[in-house]
Amino acid sequence: MHVKTVLILLVLALATIFALVCVLLTRGRAQHLPQHQPPQQEDTDDGQSLVFADLTPEEMVQVVRYLQGNLGVQLVDASRAKPSDNCIASVDVQVPAKAEVLRFLDGGGARPAREALAVVYFGNQADPNVTEYVVGPLPTPVYHRDVTVQKYGGKVPYHRRPVTGKEYVDINTLIQRELRKAPRFLATCCESDGTDLAILTTAPRGFKSGDRMTWFVLFHNVAGIGYYLSPVGLEVLVDHRDLRVSRWRLRHVFYNGQYFASTEDLEHAFVMNLLEVVKIKKPQAEVVLGSMRPRHPPGSPGPLQYEPQGPRYSVRDNRVTFQGWSITFGMNPNSGPRLFDIRYRGERIAYELSLQEALALYGSNCPGGMLTRYLDGSFGIGRFAYELVRGLDCPYMATYVDQHYLAESDTPKTNQNSLCIFEHDAALPLRRHFSDSQSFYYGGLRKNTLVIRAISTLINYDYIWDFMFHGSGAVEVRVHATGYISSSFLSSQGTNYGNRVGPHTLGTMHLHHIHYKVDLDVDGQLNYLETQDMGYELVKDPWSLQNTIERLYLRRERLEREDEAAFPLNSPMPRYLSFASPKPNKWGHPRSYRIQITSFAGEHLPLSSPMERSISWGRYQLAVTRRKEEEPTSTSIYNQNDPWTPTVAFADFIDNETITNEDLVAWISVGFLHVPHAEDVPNTVTVGNSIGFFLRPYNYFDEDPSVDSPDSVYFSSEQDAGACGANPLACLPSTAACAPQLPPFCYGGF
């Protein structure tokens with residue numbers, strides 16, 4: 001055979017081998033299985049994390065069947081239940097008591113019984129109420145017990161129940177019937193017969209306990225475009241308290257600054273020329289305000305993040321491990337993401353880290369806007385965390401996990417690919433130094449972070465929930481706000497409450513307040529709270545006594561009681577605040593984790609407000625309390641519809657108990673004031689709209705734990721920095737030369 005031919009065949013063979021290597025390196029990621037295990041990382045969990053696991057669809061079905069057969073009443077599927085029916089509103093996991101869990105995880109005790117928490121609406125009885133049952137053991141239940149009084153100190157009145165989808169459907173039917181009584185007005189003002197108008201709920205629903213009257217704001221609705229920027233100026237107040245839908249009534253109508261008793265009165269005022277009508281053309285899809293459709297053809301692809309040799313983290317069931325980190329994750333259908341048993345290098349840092357509530361409080365000169373205080377947990381932060389878009393919501397090659405829930409239906413539902421996990425290269429050193437003195441060298445470490453992310457769409461807003469785990473042992477919690485702003489119809493003096501963002505659209509000002517629970521266990525359960533800050537002391541100069549200097553010194557203080565550890569919103573707080581262990585590190589300092597908050601919160605609702613107690617967690621940027629099983633959450637889904645007599649009032653948690661060497665919980669509020677502006681159209685951008693907090697080791701270790709990272713880089717002037725053996729960055733041209741084999745894009749979120 002000709003030598004040239006042989007060489008050509010050899011080159012082709014090498015190219016084929018190289019291509020096969022690339023395929024093999026990336027093939028596992030292309031399939032995107034929810035469980036994978038890097039060979040270099042041993043997982044010894046043995047299923048212990050399942051003690052926190054969300055319910056499976058099969059377990060939910062078993063709970064529903066058990067309740068249907070054992071409550072002794074007729075249960076109607078919640079998706080079609082009337083207020084006068086009995087129905088199962090939701091089923092979620094009942095997380096066992098902490099003491100039981102720790103005996104199992106740490107003490108070799110028995111695995112706690114697996115149980116569910118079922119919420120049942122009893123509308124078809126003499127005393128309508130909401131009852132909560134613990135049902136177990138799973139997977140085959142044989143018992144249930146009523147825990148309502150134990151949790152809340154009494155029955156939950158029926159009017160506090162969240163509004164169901166069926167209730168909204170019936171309300172919309174009522175509104176459509178009433179709109180038909182004002183045909184000439186609608187045709188003139190909005191080029192509409194009412195059937196093409198969207199309605200947006202507000203909350204709370206009245207002014208006192210027992211009320212269930214809701215203002216609904218009407219918008220032009222164009223398919224494929226957020227209607228939230230197209231108000232028509234019409235708002236209606238619906239009284240839907242009665243258990244009989246036939247008795248619901250429209251109580252007030254608002255249009256362009258005027259109030260009417262009914263749509264008939266509105267029509268009459270229009271016919272008699274007693275009404276100033278602002279004529280709004282029906283928007284066209286191609287020019288409507290707020291369209292997100294691309295205006296230009298796609299350009300060249302942007303940078304792509306991928307793992308050249310597969311993921312360096314492991315996901316097994318509900319647990320992820322990464323370079324010393326171990327985290328158990330889940331999703332509460334109401335309050336959203338929740339993490340448990342967070343460990344670093346085998347030591348538990350936090351027992352629980354969970355979202356509690358998201359408040360959006362609005363201002364406007366229209367009734368719907370001026371009244372609104374959305375408590376998103378009552379709508380369902382977790383259940384409305386929909387499928388994530390690969391390559392945009394999360395990196396293309398992230399691991400995507402399905403979440404299951406049962407709410408307002410007897411059938412479980414799945415939000416597929418609704419939580420993502422990935423390693424993120426921040427394109428920033430975690431630490432570095434270039435030495436140009438005495439000797440020449442460079443040392444550094446990339447800032448690579450494990451991220452757990454979910455995104456909730458709550459009507460108009462989208463919240464991006466991030467939990468990030470750093471190589472330094474720090475935990476970062478962050479939320480970004482995006483989506484559509486809510487708006488009011490622009491009328492006189494409207495700009496006292498926001499900015500004009502369209503021909504007839506007022507972007508209404510509002511506050512975002514987010515609340516988290518952080519159950520830190522720093523080197524054990526028993527911790528105390530220590531603060532540190534700076535001060536100046538005037539001293540004589542030791543070497544020049546005729547002069548003085550202002551010397552910086554460190555002020556340390558141990559906070560002994562809960563009242564001392566409750567820091568009001570926007571008030572000065574010590575710059576260093578740490579959960580400390582009685583045990584010292586190598587240098588004699590208490591092993592501690594520091595809480596560092598990044599927030600730009602607006603003002604809290606005045607204490608004189610009759611509904612303030614329902615969101616009293618918002619009084620504090622940070623409050624530290626003793627952990628109690630009877631205080632599992634800072635709020636309740638029932639607070640939204642009865643904020644005047646809250647089912648859970650966080651302010652009651654703070655009763656000046658001692659917090660020295662106790663099991664403690666940090667309750668953290670973050671937020672920002674948002675005054676919408678032109679650049680919020682079509683959507684609010686995430687830039688500048690992120691808030692959160694850090695949990696940072698503070699003398700917890702004897703040195704920065706990232707020194708043990710295999711990603712560390714060091715080379716000196718005496719080495720060849722381009723040699724793979726001296727510098728791992730020099731290995732990249734060969735070890736990361738394969739382009740990833742991307743899985744095909746698909747999306748089933750609709």
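## Disulfides and domain contacts in a predicted model

A search of the whole structure finds 3 disulfides, a disulfide being a pair of cysteine sulfur atoms within 2.5 Å. The structure is a predicted model, in which local features need pLDDT of at least 70 and side-chain atom pairs count only at pLDDT 80 or more, while totals for chains, interfaces and linings use all residues. Residues are numbered from 1 along each chain as its sequence is written, and side-chain values use heavy atoms, with hydrogens and water left out.

| Cysteine | Partner | S to S distance |
|---|---|---|
| Cys189 | Cys190 | 2.1 Å |
| Cys394 | Cys420 | 2.1 Å |
| Cys724 | Cys731 | 1.9 Å |

A disulfide is a covalent bond between the sulfur atoms of two cysteines.

The link of Cys189 and Cys190 is left-handed, with -75° about the S-S bond. For accessibility, buried means under 20% relative accessible area, exposed over 50%, and partly exposed in between (1.4 Å probe, protein chains only). Cys189 is buried at a relative accessible area of 0%, and Cys190 is also buried, at 0% relative accessibility.

The link of Cys394 and Cys420 is left-handed as well, with -80° about the S-S bond. Cys394 lies in the loop between strand E16 (373–375) and strand E17 (399–407), and Cys420 lies in strand E18 (residues 413–437), so the pair ties together parts that are 26 residues apart in sequence. Helices (H or I, at least four residues) and strands (E, at least two) are DSSP runs, numbered from the N terminus. Both Cys394 and Cys420 are buried.

For Cys724 and Cys731 the torsion about the S-S bond is about 110°, so this disulfide is right-handed. Cys724 is partly exposed, at 43% relative accessibility, whereas Cys731 is buried, with a relative accessible area of 12%.

Cys366 is in no disulfide, and the nearest cysteine sulfur, that of Cys190, is 14 Å away. Cys366 is buried, at 2% relative accessibility. Cys87 is buried too, with a relative accessible area of 4%.

An unreviewed UniProt entry places the feature "domain: Copper amine oxidase N3-terminal" at residues 161–257. UniProt positions are given in the numbering used here, feature names are shortened, and annotations may be inferred rather than shown by experiment. Over residues 161–257 the chain is 24% helix and 30% strand, and the end C-alpha atoms are 32 Å apart.

The domain assignment of the chain gives domain 1 (48–160), domain 2 (165–272), domain 3 (329–384 + 459–698) and domain 4 (712–737); the bounds come from an automatic or database domain assignment.

Taken over C-alpha atoms, the centres of domain 1 and domain 3 are 30 Å apart. Contact (heavy atoms within 4.5 Å) involves 19 residues of domain 1 and 23 residues of domain 3. The area buried between domain 1 and domain 3 is about 1800 Å², with carbon and sulfur atoms giving 51% of it. Buried area here is the accessible area (1.4 Å probe) that two parts lose on being put together, summed over both. In domain 1, the residues that lose the most area to domain 3 are Phe52, Lys98 and Arg160, together 41% of what that side buries.

Between domain 1 and domain 3 the count is 8 salt bridges, where a salt bridge is a side-chain nitrogen of Lys or Arg within 4 Å of a carboxyl oxygen of Asp or Glu. The side chains of Lys98 and Asp521 meet in a salt bridge, at 3.1 Å from N to O.
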